[in-house]
Amino acid sequence: MTPAWLIRTSLALAIIASGWLVFKLVTYLSLNRVRKIAHRLENYQPGKAAIVYFTTPDCLACKAAQHPALVRLQSLLGDQLQVIEINAYEDPDMAKDWGVLSVPTTFILDSKGAPRQVNYGVTPAEKLYDQLRQTQPQAI
Amino acid sequence: MSETQTKVDHSVIRTNQATIIILLLIGFILNFPWLVTLTALVMIIGTVIKRPGFAFIYTSWLKPRNWVKPDVLQDNPEPHRFAQGFGAVVLTISTIALITGAGVLGWALTWLVIALASLNLFIGFCAGCAVYYWLNRLKVPGFGKSAPVGTFPGMRPKASSS
């Protein structure tokens with residue numbers, strides 16, 4: 001007979017997995033919504049992968065960690081990458097349309113301008129690089 | 001918007017949430033309702049003394065050893081206290097349900113607290129704080145603080161304290 005703790009552990013893992021799936025579904029739906037409005041993005045150059053970076057002037061985590069990570073990535077990838085920085089205070093409508101609730105938030109766009117990934121909070125350069133490679137394996 | 005924000009170390013809050021999640025998960029897996037009761041009690045005490053219940057883990061062990069660094073933000077402590085108190089009430093009801101044999105209800109309420117604490121710990125959204133700010137907007141007495149400038153009600157504030 002299966003021990004009770006094992007059944008309860010399995011149940012706990014199933015609940016946690018369900019929660020993770022719900023989170024992934026919400027992220028997918030959020031990206032899907034952004035997909036419909038991403039073409040309105042100014043300064044976007046088609047044919048290149050892009051990172052849309054939402055920040056604010058008073059965000060210390062952005063200054064201390066996210067911005068340096070993006071600078072590093074930009075110097076590594078050069079013309080293959082465009083970083084589009086948006087001040088959420090100056091453009092609150094865009095932040096709202098893109099579902100940005102906190103900064104830093106970064107979106108990875110493929111060469112057609114379609115959002116493929118979203119990161120809430122500080123995201124290391126290595127992770128952004130991996131996401132860009134998944135998006136544009138032939139270019140990056 | 002509230003102009004009387006103070007410095008709040010979010011590392012204490014995150015340590016509190018992580019401890020709550022771990023204790024409740026162990027309580028569920030090993031079928032120890034007393035662990036739910038213990039967690040509820042610590043949270044009640046924390047709410048009464050106006051501190052995160054498991055803050056001592058951070059201040060006594062994690063911070064002195066530099067295992068967790070401070071993350072001080074301009075924020076209102078009151079909504080976090082309210083969220084902790086709300087969680088304590090849910091866990092108290094959960095305890096009563098578990099004692100009286102309503103196991104499914106009891107553990108469902110425990111999982112509700114695990115889910116909300118996880119939302120706060122991993123995503124940075126404090127549902128209890130959002131309720132607090134919502135009550136503030138409705139001008140309910142006792143809920144005097146509004147969300148920090150530029151922060152969606154319930155989300156972790158954007159700017160660190162310098």
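In which helix of chain B is the place of Thr19(B)? In this predicted model, Thr19(B) belongs to helix α1 of chain B, which covers residues 10-29. Thr19(B) has a relative accessible area of 12% and is therefore buried, the cut-off for that class being under 20%. Its side chain reaches the backbone oxygen of Thr15(B) at a distance of 2.7 Å. When neighbours within four places in sequence are left aside, Thr19(B) is in contact with Phe54(B) and Ile57(B).

The interface between the two chains was examined next. The size of an interface is often given as the accessible area lost when the parts come together. Chain A and chain B bury about 1400 Å² between them, and carbon and sulfur atoms account for 72% of this area. On the chain A side, the most area is lost to chain B by Arg8(A), Leu60(A) and Leu101(A), which together make up 41% of what that side buries. The contact involves 16 residues from chain A and 15 residues from chain B.

The largest pocket has a volume of about 830 Å³. It is lined by 27 residues, of which Gly19(A), Phe23(A), Ser118(B), Leu119(B) and Ile123(B) are the closest to its centre. Two or more lining residues are given by each of α1 (4-35) of chain A and, in chain B, α1 and α5 (103-123). The largest share of the lining, 11 residues, is that of α1(A). By class, 19 residues of the lining are nonpolar, seven are polar and one is charged.

Technical notes: Residues numbered from 1 in each chain as written. Chains lettered and ligands numbered in written order. Predicted model: local features only at pLDDT ≥ 70, side-chain atom pairs only at ≥ 80, totals over all residues. Heavy atoms only, no water. Helix = DSSP H or I, 4+ residues; strand = E, 2+ residues; numbered from the N terminus. Buried < 20%, exposed > 50% of the residue type's maximum accessible area, 1.4 Å probe, protein only. Polar contact = N/O pair within 3.5 Å; in protein donor to acceptor, adjacent residues only side chain to side chain. Contact = heavy atoms within 4.5 Å. 1 Å grid on protein atoms, 1.4 Å probe; cavity = no way out; pocket = protein on both sides within 12 Å on 5 of 7 lines; lining within 4 Å. Points joined across faces, edges and corners; volume = space filled by probe spheres on them. Nonpolar A, V, L, I, M, F, W, Y, C, P; charged D, E, K, R; others polar. Buried area = accessible area lost by both parts, 1.4 Å probe.
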